There are 4 protein chains.
Amino acid sequence: MLPREKVFRDPVHNYIHVRHQVILDLINTPEFQRLRRIKQLGVANTVFQGAEHSRFTHSLGVYEITRQICDSFKNNYPDQWDDSERLVALCAALLHDVGHGPYSHTFEHIFNTDHEAITRRILCNESTNINHILREVAPDFPQKVASVIDHTYPNPQVVQMISSQIDADRMDYLLRDAYNTGTNYGLFDLTRILRVMRPYPDGIAFDANGMHAVEDYIVSRFQMYQQIYFHPVSRGMEVVLMHLLARAKTLYEAGRFDAAYNPRLLIPFFEGTWTLKDYLKLDDGVLNTYFTYWLDYPDPILKDFSDRFLSRRPLKSATFTSDTENLLPDLRTLVAEAGFDPEYYTAENDSFDLPYDAYDPSSANPKTQIEIMQLDGSLEELSTLSPLVAAISGRMTGDKRFYFPKTMLQKSGDSSTYQQFQHYLLNGALINLR
Amino acid sequence: MLPREKVFRDPVHNYIHVRHQVILDLINTPEFQRLRRIKQLGVANTVFQGAEHSRFTHSLGVYEITRQICDSFKNNYPDQWDDSERLVALCAALLHDVGHGPYSHTFEHIFNTDHEAITRRILCNESTNINHILREVAPDFPQKVASVIDHTYPNPQVVQMISSQIDADRMDYLLRDAYNTGTNYGLFDLTRILRVMRPYPDGIAFDANGMHAVEDYIVSRFQMYQQIYFHPVSRGMEVVLMHLLARAKTLYEAGRFDAAYNPRLLIPFFEGTWTLKDYLKLDDGVLNTYFTYWLDYPDPILKDFSDRFLSRRPLKSATFTSDTENLLPDLRTLVAEAGFDPEYYTAENDSFDLPYDAYDPSSANPKTQIEIMQLDGSLEELSTLSPLVAAISGRMTGDKRFYFPKTMLQKSGDSSTYQQFQHYLLNGALINLR
Amino acid sequence: MLPREKVFRDPVHNYIHVRHQVILDLINTPEFQRLRRIKQLGVANTVFQGAEHSRFTHSLGVYEITRQICDSFKNNYPDQWDDSERLVALCAALLHDVGHGPYSHTFEHIFNTDHEAITRRILCNESTNINHILREVAPDFPQKVASVIDHTYPNPQVVQMISSQIDADRMDYLLRDAYNTGTNYGLFDLTRILRVMRPYPDGIAFDANGMHAVEDYIVSRFQMYQQIYFHPVSRGMEVVLMHLLARAKTLYEAGRFDAAYNPRLLIPFFEGTWTLKDYLKLDDGVLNTYFTYWLDYPDPILKDFSDRFLSRRPLKSATFTSDTENLLPDLRTLVAEAGFDPEYYTAENDSFDLPYDAYDPSSANPKTQIEIMQLDGSLEELSTLSPLVAAISGRMTGDKRFYFPKTMLQKSGDSSTYQQFQHYLLNGALINLR
Amino acid sequence: MLPREKVFRDPVHNYIHVRHQVILDLINTPEFQRLRRIKQLGVANTVFQGAEHSRFTHSLGVYEITRQICDSFKNNYPDQWDDSERLVALCAALLHDVGHGPYSHTFEHIFNTDHEAITRRILCNESTNINHILREVAPDFPQKVASVIDHTYPNPQVVQMISSQIDADRMDYLLRDAYNTGTNYGLFDLTRILRVMRPYPDGIAFDANGMHAVEDYIVSRFQMYQQIYFHPVSRGMEVVLMHLLARAKTLYEAGRFDAAYNPRLLIPFFEGTWTLKDYLKLDDGVLNTYFTYWLDYPDPILKDFSDRFLSRRPLKSATFTSDTENLLPDLRTLVAEAGFDPEYYTAENDSFDLPYDAYDPSSANPKTQIEIMQLDGSLEELSTLSPLVAAISGRMTGDKRFYFPKTMLQKSGDSSTYQQFQHYLLNGALINLR
């Protein structure tokens, strides 16, 4: 324990309180400090300009909420909560995202990395500072923390704190993303939720009189997905990034990179030979630096996508449905006729999320459902009590979009290619143009 | 004008309203989008973790406040304000920081660049997209906008909107830095200040009944400097950055860099041959990428400072005064005895600011003083009305600090070097250890 | 028009802007100033202590939102909105609640008053200052303003601004009640809703890209009803007030009041002879003053209920259903056995609201449904687009509660009356005890 | 102790946490519930309309801050703080304002009551419910709580928590008044102040690294006085109330009241025979009720002032100085010539406050100065460290105003009385007209 509590100022939680030396030491590792250089929401700041916050601030926020949950459990439910679990919970909260790379999902898709597996390696591989610090607690402590993040830790209370349909991770990111984007969709009553959260032998439940606060959190989460995380322009920037990295990989594999444009820190990823040490050198700025190199690269596609990414020129999009999906080949042909390689200049992108679901043992990935504890101690699943939650429970929501160059929308009288493309839009093949 | 107003969501101003096509086009230039990759407060996020916002969001904020001032002047003082000045004011507001480089003042110090001169070049040099867009308004428009930023534009109302002791720039950064750091020192009543701001032939004054809102702004600004901008740990990170860049330059000049660690985009700056195009490729991430390269560099000082910067290991510090300044050579000698090169591992750093000053024609850089308009139309200078402002007016505030490695504070029984160093601290040669 | 805009500071809207002399004059009438002495939420401050705000501040808030809507319509849709309608809209907004009495619905129930009819009289009866001011605009202007409030005004845009399922009234009270109670259930994005609101010939619609902001408003409203407006303890205080006034009326009718306890300003209401002038003398404090008188009154019921109301001793309650309704007579009998007059010491109270409904011409009170305007100009009713709204659309929500003295819950071993009463609760005849 | 913590929702502190049965019982007494009917800021809501909050919510806020201070002292300074003092501190915090009457200072002035003496009686007189509850803790407990409020309690830490230049009372009212008026002058960093507050044997000090937070609090307090508490229009309403009560007293003493207008609950105060029980029946609404009676009273002055108070028609005012004070008799004569009784229709009113002062043993009422604890444990008085605090320390600030009827400003060509009055204003006899 620290001789005196240390605090970090935070715009969302006001102060983040640290009392364990091991937590402070973990924060001060290079592996954790690196999260300052990875934005929490990737490219979303190109649409919601304030979304410039990093995985570092989010990780400290998840830690802080977990700390508050432990304090509440210790004070109010000493018989139901074993406070010797606190340190493993706090470490798991702090470190749950430490394996994330730059522009997470897009990078993973191209380079076939897996941030969860990497998180486990950062915790358990003896080469890291984080592992070293965790090992000093106990030889098996790194593995224990990793098992919380993996959901294999035996105490379900600890696992659900960090990872469930209402956990410290989600609660922090909703509040933090709302704060930084300047929207209020993600706001909910954290203080009240913490008050009504209670441990029971099989996990964490919520007092019946706090049902509406939990309902409000689920609705907020649904709205954040609809409004922020699935924003079509933001996805248009992700498509640009995806195709940019894909093009770079293709060029590298064709042996066409020359020294002046050499993305030194990315080479192990192009070659599939990367080590953990290579991975920990990456951040958003490293990728952007290479994109800057490529602004002058002879390949017109690499050059154009680098510029699109750095100067925010997303592809446009419109939604299609299963009824109109069959028209996409025609649209791609028209894009090709207009002089754009459709492999890079078109894309299909869908964004779907399950806002909430009751437990379904037959599903591929059964969710830990949210349990509301009645006055008599019995548990009722949330959606049976809330018509709002029932309305969105078990329903995938989102849309499918077709992406294409903005040029396709230009009004140039003499080109039938453009006119034909726009004709499809006018006739409803695609709707909700953004 | 745009067919329909376009808005950008912003956490500080809620929405930023754009009605001119030229403003939208300027925002979409590569030169302006680059500001997304330069943090507004440089290294301050290592102390106030939420301070991750960029010069991009700040620049849009300055634009928005200027737009609101123009709207207010147009509606309330149509005889005193010529609304045909609006566009030049808006462009100057948006672009006033476009010449900033990464980690601004530190970078400028080492590489002898000047962000104000570069701003002028970005506006007036025909190679840039920004110049191209401004020229379409009128051939002399780039120069007009630049002259507002230079304070040479003939209309003092426009100049003071953008640059004075109470201007759109300062008002946005105080609010934005307060929002992102999560402190409330920088809060003041923007709406009320905008209401009491009024144009008069020689510039901008404030209605007498708004004096307290202006006073509150000056006090807020003073407090932000004391609490945020002059934070000793933040300055300790700036010292690290300064010495890191200085070491890299020294190594380059000694011809000792090898290819694998080659900071390609920085070479023109080491060589003093950089062009505007070279400058516009730089951002925070580019510098961080090279620091990542240097984590493996054979030179122990470059390597250590790269790690200090990336992993947040600042130098420690304490204040000294003119009375104790003569002891610094001894302290430096002890640092050297402990095995640290004092050229890199010690520093003197002072931070002083003039929170407010009345106009003094004899000063090197006379300030446009804040004028309060009485009911009879006469003007009174702010500090004559406010005892709070008078208390800090014309007084430089800040401190001088001596920086050194944290190791010097270690309790190692057998080393007289450390004991002697600490002895100086105990005897008050240095105080306010941080 | 005023020579210079006048503002009122407001915690919800920051400033309330007044430009018309007539609006300022209306605010300064005794009839309108009286609203300062009537709390917006009646007895809700006994549960949410901050809910101490008045109908005065709310009325100015409704005015301000209406003013902002008019500004937006004038700037963005000059062809669809006739700005000469502004003044009638503003007056109707300001005055829509001017006929409210103290503790509105409870008072109305006992004394058979009707605040809507009284509003009309305040506007149209030549004795009032408000009528006098309105008449100076035009002889038929009082009637025009009244007809907006009555929904008979020919322009549906004006009517819907003030009174529809998403109007200035509801938007202000949700924000204001949320602010003052310190809950965030009532928060929604007012700025965005105002941006996407648009006039069309048959009323007001909302741009498709603002659908989620409208959805969020409906959900917020639903949650405020569930959490604040229907709070069981608050309703327990309303029951106390209802029975207190009923008892006083009964005593008066029985001729049993004596001079020292004489509720002078209430007598015309006991006698059914009240005039508008009598009505305008009432406020919350007048009623409380008489309750204070009655603390010493010989009748034990009047005395006890006066004390219950002034010292916040609500009746307790639990919900019943159609299945358990038949047990209420037994419960009342037990309350009587315990020595309480069940006419006063028990009550059934239900609170139901229709959070939103699509237009149904067959309903008793068809609602103006919320229309979302698609890109092609067609209108779609909100609940067809939003699963959340569909979930609560057309569904009455609320509960039925049985109220009784807290004493019935006491654990006094020897009394079988209490035990029997509690036995019913244990067996589920009543649930959700509060 | 309560079986489970009970909370009250509060807009300023989010939740107010109660763990002691005695605190809950005190809140539920008629004496304490009565504070709901007395506005914290008296007539200030006639200028800052949101200032409708009561002494009840403020009292709970003072309790909550005190509770947080005790928690912090117990956790961080167990050797310096005796937690058995907690209950006396909490009770004193909760009850410190319980003796306030309606429209406090004005009422006291006319009826010669003293809220501090009455507070002591409410605590110590065996007739009250509060006394009864306190006595159950210990026979001498009522007296102990009263002695904290009187500053005679032996433990200076407890006294300073409740009453010093930076105490729970002031901290709550600044935050709460700022919240409800919607201004941000009163905001300061409560969380940080609580963190740096520390007990020492002679009282409470503040850590040196929190000096700026304390400075900010003092500046905020100064600004609230200047902007809110001393507002000239608000004082104009206090003058109206003062003269209204004075007139009623004069009429009563002259025997001229008749039954229909009889202010029953005020009679003991007119006669000087009031008991504690009489006092506890008063609240803002009782006074307003009698003012409503008097709207029809034959005496034109009583009638006019009743209407002025209820319908918000303040006297106007302007400042005078020691140089122009000699002109006031002339001005009063002119007011008399215009037909107004100058005894009622004019007034001199000054508002002065000492924002902060260092301890001065020679002063009539020496202040407990704010001590900043240096790293070496020595104490330094705040104003020696802060130029802002030094600027306002020991300086009375405020102004003197002359009040008169608005009619005196009318432009009626033929009346030389009005012209002469206005002439004085034009020539600067009075300035800052409001």
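Of the 434 residues in chain A, 50% are buried. The structure is a predicted model. The secondary structure of chain A comprises 21 helices and 9 strands. Along the principal axes, the C-alpha atoms of this chain fill a box of roughly 80 × 55 × 40 Å. The radius of gyration of chain A is 24 Å, in agreement with the value near 22 Å that a compact globule of 434 residues would have. Among the contacts of chain A with a sequence separation of 6 or more, 67% link residues 24 or more positions apart.

Chain C is superposed on chain A by a rotation of 180 degrees, with 0.0 Å of shift along the rotation axis and an RMSD of 0.0 Å. The two copies are therefore related as by a two-fold rotation axis. The residues used on either side of the interface were also compared. Of the interface residues of chain C, 100% are also interface residues in chain A, so the copies meet through the same surface.

Notes. Residues numbered from 1 in each chain as written. Chains lettered and ligands numbered in written order. Predicted model: local features only at pLDDT ≥ 70, side-chain atom pairs only at ≥ 80, totals over all residues. Helix = DSSP H or I, 4+ residues; strand = E, 2+ residues; numbered from the N terminus. Rg over C-alpha atoms; globule rule 2.2 N^0.38 Å. Buried ≥ 20, exposed ≤ 12 C-beta atoms within 10 Å, placed from the backbone. Contact = placed C-beta atoms within 7 Å. Least-squares fit on C-alpha atoms with pLDDT ≥ 70 in both.
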